[in-house]
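Please keep the viewer open while you read.

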Amino acid sequence: DPRQMELTTASKRKLRRFIVIDEVVDKLYGSKVREYFEKNKVQHKILALPTTEETKSMDLVLNILHEVQNFSLDRRTEPIIAIGGGVCLDIVGLAASLYRRRTPYIRVPTTLLSYVDASVGAKNGVNFLQCKNKLGGYTPPVASFLDRSFIQSIPRRHISNGLGEILKMALMKHKGLFDLLKNHGKYLLDTKFQSCNGFADHGDAALQTTRIAIETMLEELAPNLWEDDLDRLVDFGHLISPELEMRVLPSLMHGEAVNVDMAFMTYVAHARGLLDAEEKEQILQCMRGLELPVWHSGCSWALIQRALRERLKHSGGQPRMPLPTGLGVAEIFNDTSEEILERAYELWVRD
């Protein structure tokens, strides 16, 4: 808002910012963040917190809100800034939405997963009663600032974890993105998504991959920001994975659990005749190339049945199952029989 910007810059009141940063990110970048605010003469409070799936709770939200209240934040002109991975962005988003009914906030993702997933859209939330994101809301940030240089300091497994969500969009919507992952996956893992000169064979695969992933995500989310329509292609990989992820914490990261779900659903699509054997194998080979798990012992037939029953409760009594119908194309199905699911599970376990 240009008028608001003019008022802010003309004001004699000192600029103030409240920042929540993941404690691991703080160790790596905290001094740079502090230096930035000090150089720009911004009064600031930096709250470093352990933001993991295990700590993603209302207790942490209330902790943040106590500190926000002590800071005496002006909700009209002083957005809260969240710097961290997806859990950090989710927690801060929920805290901001609750403080004085709605306080603006800014997302600064520092992992590949949060860069292509949590940075986009309106959702925020915390885990509750051992259920993933059971409490939350829809409050979009005023901005997301994307900087891939953060990604260079995260472990290789975290890069692979983020690639799971990128592969989701490739399988649902974009054959070109699938080809990028298939052809450049190892290179992206090796270079940690940094744009490197001197690798002509790869072009700027990092920029292309992240840009297409975000654009396809936005295409799906923007017209349906508050999920009024429950038929969502972005739910691919998210039918079984919430149950699996919470059940086996901390052995699977989010993108890994999503990929296990997608691997099973690839077998379901094959069992239904939507994918031929070669397409199924191409998908699984791509997953392995991205160093993602294609199976997990915790994903039992009983867990799959339980997860799909839970799905029915929250999707209007229909499974609304997104399935690939080729490479980069998909549809949503409500008529997958128990027999097909069981046959797909047996083939998946056998392989």
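## Domains and annotation

A first point to keep in mind is that this is a predicted model. The chain is split into two domains: domain 1 takes in residues 13-152, while domain 2 is built from two segments, 155-224 and 232-350. Between the C-alpha centres of domain 1 and domain 2 there are 27 Å. Where the two domains touch, domain 1 contributes 20 residues and domain 2 contributes 28 residues.

The UniProt record, an unreviewed entry, carries the annotation "domain: 3-dehydroquinate synthase N-terminal" for residues 48-160. In the model, that stretch is 35% helix and 25% strand.

## Helices α7 and α11

Helix α7 covers residues 175-191 and helix α11 covers residues 277-289; their axes lie 9 Å apart at an angle of about 20°. How are the two helices oriented to each other? With an angle under 35 degrees, α7 and α11 are therefore roughly parallel. The crossing of α7 past α11 is left-handed.

On the α7 side, the contact is made by F178, L181, K182 and L189, and these meet Q282, I283, C286 and G289 of α11. Sorted by class, the contact between α7 and α11 holds five nonpolar residues, two polar ones and one charged one.

## Helices α6 and α8

Next comes the pair formed by helix α6 (residues 156-173) and helix α8 (residues 205-221), whose axes come within 9 Å and cross at roughly 65°. Here too the hand can be stated: α6 and α8 make a left-handed crossing.

Which residues bring α6 and α8 together? From α6 come I166, K168, M169 and K173, and from α8 come T209, A213, T216, M217, E219 and E220. The class count for the contact of α6 with α8 is four nonpolar, two polar and four charged residues. Among the charged residues to look up in the viewer are K168 and K173 in α6, along with E219 and E220 in α8.

## Helices α12 and α13

Towards the end of the numbering, helix α12 (residues 301-314) and helix α13 (residues 338-350) have axes that come within 11 Å and cross at roughly 140°. That angle makes α12 oblique to α13. The hand of the crossing between α12 and α13 is right-handed.

W301, I304, Q305 and L308 are the α12 residues in this contact, and their partners in α13 are E338, L341, E342, Y345 and W348. Divided by class, the contact of α12 with α13 has six nonpolar residues, one polar and two charged.

P250 sits in the loop that joins α9 (241-248) to α10 (254-271).

R320 belongs to the loop between α12 and β8 (321-324).

Methods: Residues numbered from 1 in each chain as written. Predicted model: local features only at pLDDT ≥ 70, side-chain atom pairs only at ≥ 80, totals over all residues. Heavy atoms only, no water. Axes fitted to C-alpha atoms, helices over the stretch in contact; angles between N-to-C directions. Helix = DSSP H or I, 4+ residues; strand = E, 2+ residues; numbered from the N terminus. Parallel < 35°, antiparallel > 145°, perpendicular 65-115°, else oblique. Left-handed = near helix turned anticlockwise from the far one by under 90°. Contact = heavy atoms within 4.5 Å. UniProt positions renumbered as here; feature names shortened; annotations may be inferred. Domains from an automatic or database assignment.
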